[in-house]
Amino acid sequence: MNDSTNTPGGSPTVLVTGATQGMGRGLALDLAARGCTLLLHGRDQGRLDAVVADVRAVAPDVTVRTYLADLADLDAVHAMAARIRGAEPRLDVLIHNAVAGGGAEPLKREVSRQGHELRFAVNHLAPYALTRALLPLLTASAPARVVNVASIGQETIDFDDVMFERDYEGLHAYCRSKLALIMATFELAAELDGTGVTVNALHPAHLMDTEGLRAYGLAPAVGVEEGVRPTVRLALDPALAATTGRYFDRFTDTRAHEQAYDPDARRRLMEITRALAG
């Protein structure tokens, strides 16, 4: 893959959320080796410092800056976006990688700082709010890309119980939130058509070896590098420069859950999302 872009000097600035562990850390190391300017998000400064040290070991001359925020708090998401807009001259790629998985206690319903179901908040509302807040920077940097790390695990959203207050289970909540992320991907791609900002979603790899997977009790099947490769391709490959509003299963452009193509369901989701995300 030729990873050059239309940025000054051919070195794109890439923001990766959830960059301190798992696939996020793998993305940081891969992108650093390609010479990208890295903006790394995490919710623990010690872990952020550790991943910066790892990045510098791979690419000593790389430019890397860190941004601290808890994505379970929309106020913190908006504050981070404001810091990024104030500090960064450009943003070529935004990779939404941070995730709340099924949880170590999957029958325990958790909520965000604003009282929203946690998986829906972290996996859907936070990426939407952050993308929306960074759109001025993305459009000014166009051509630019938004890559939403979704999942092959997708489950119908119940609009009578969006916050999953009945019969809660963490993995089911995760699957609903990932479908919401895909639906928002399609909506935002249509809205931004013609602006030079593309928006796509992907399932990076099946059962990657991550803390979240192990916490839920599942056995890993592949290493995180298996997910890094298709994600970096979607972020940087010039052959995909005009591709937008698509869902990929690793490297394959394919169909998501059927509800993602229901115009009424997408409209209802976006009304809820805009109201909650501010």
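What radius of gyration would a compact globule with 278 residues have, and what does the protein chain have? The compact globule would have a radius of gyration near 19 Å, and the protein chain has 17 Å, which agrees; the radius is taken over C-alpha atoms, and the globule rule is 2.2 Å times the number of residues to the power 0.38. This is a predicted model, in which local features need pLDDT of at least 70 and side-chain atom pairs count only at pLDDT 80 or more, while totals for chains, interfaces and linings use all residues. Residues are numbered from 1 along each chain as its sequence is written, and side-chain values use heavy atoms, with hydrogens and water left out.

**Overall build**

- The protein chain has eight helices and eight strands, where helices (H or I, at least four residues) and strands (E, at least two) are DSSP runs numbered from the N terminus.
- Along its principal axes, the C-alpha trace of the protein chain spans about 50 × 40 × 35 Å.
- Of the 278 residues in the protein chain, 53% are buried; buried means under 20% relative accessible area, exposed means over 50%, and partly exposed lies in between, with a 1.4 Å probe and protein chains only.
- The accessible surface of the protein chain comes to about 11,600 Å², and 49% of it belongs to carbon and sulfur atoms; these areas come from the Shrake-Rupley method with a 1.4 Å probe, and for residues only the protein chains shown count as cover.
- Among contacts (heavy atoms within 4.5 Å) in the protein chain between residues at least 6 apart in sequence, 73% join residues at least 24 apart.

**The sheet and the helices packed on it**

- Eight strands form an open sheet with mixed pairing, in the order S3-S2-S1-S4-S5-S6-S7-S8; two strands pair if DSSP finds at least two bridges between them.
- Strand S3 (64–68) and strand S8 (252–254) are the edge strands, each pairing on one side only, and the twist averages 25 degrees from one strand to the next.
- Strand S1 (residues 13–16) pairs with strand S4 (residues 93–96) in the parallel sense over three bridges, and Val14 stands opposite Val93 in S4.
- Helix H3 (residues 74–87) packs on the sheet, where it touches S1, strand S2 (37–42) and S3, and the direction of H3 makes about 155 degrees with that of S3; axes are lines fitted to C-alpha atoms, for helices over the stretch in contact, and angles run from 0 to 180 degrees between N-to-C directions.
- Helix H7 (residues 225–236) also packs on the sheet, touching S4, strand S5 (144–149), strand S6 (197–203) and strand S7 (247–249), with its direction at about 155 degrees to that of S5.

**Helix H1**

- At 1.5 Å a residue, the twelve residues of helix H1 (residues 22–33) should span 16 Å, and the end C-alpha atoms of H1 are 17 Å apart, which agrees; the expected span is 1.5 Å times one less than the number of residues.
- The buried residues of H1 are Met23, Gly24, Gly26, Leu27, Ala28, Leu29, Leu31 and Ala32, and they pack against S1, S2, helix H2 (45–58), S4, S5 and H7.
- Just after H1, Gly35 takes a positive phi of about 90 degrees.

**Thr13 in strand S1**

- Thr13 has its place in strand S1 and counts as buried because its relative accessible area is 7%.
- Leaving aside neighbours within four places in sequence, Thr13 is in contact with Thr37, Leu39, Arg90, Leu91, Asp92 and Val93.
- Thr13 and Ala144 are 131 residues apart in sequence, and their C-alpha atoms are 9.7 Å apart in space.

**Loop residues and backbone geometry**

- Ser141 lies in the loop between helix H4 (118–140) and S5, and it counts as buried because its relative accessibility is 2%.
- Apart from neighbours within four places in sequence, Ser141 is in contact with Arg90, Leu91 and Asp92.
- Pro143 lies in the loop between H4 and S5, and a cis peptide bond with omega of about 5 degrees joins Ala142 and Pro143.
- Asp167, in the loop between S5 and helix H5 (170–191), has a positive phi of about 50 degrees although it is not a glycine, and with a relative accessible area of 74% Asp167 is exposed.
- Arg250, in the loop between S7 and S8, is a residue other than glycine with a positive phi near 55 degrees, and at a relative accessible area of 24% Arg250 is partly exposed.
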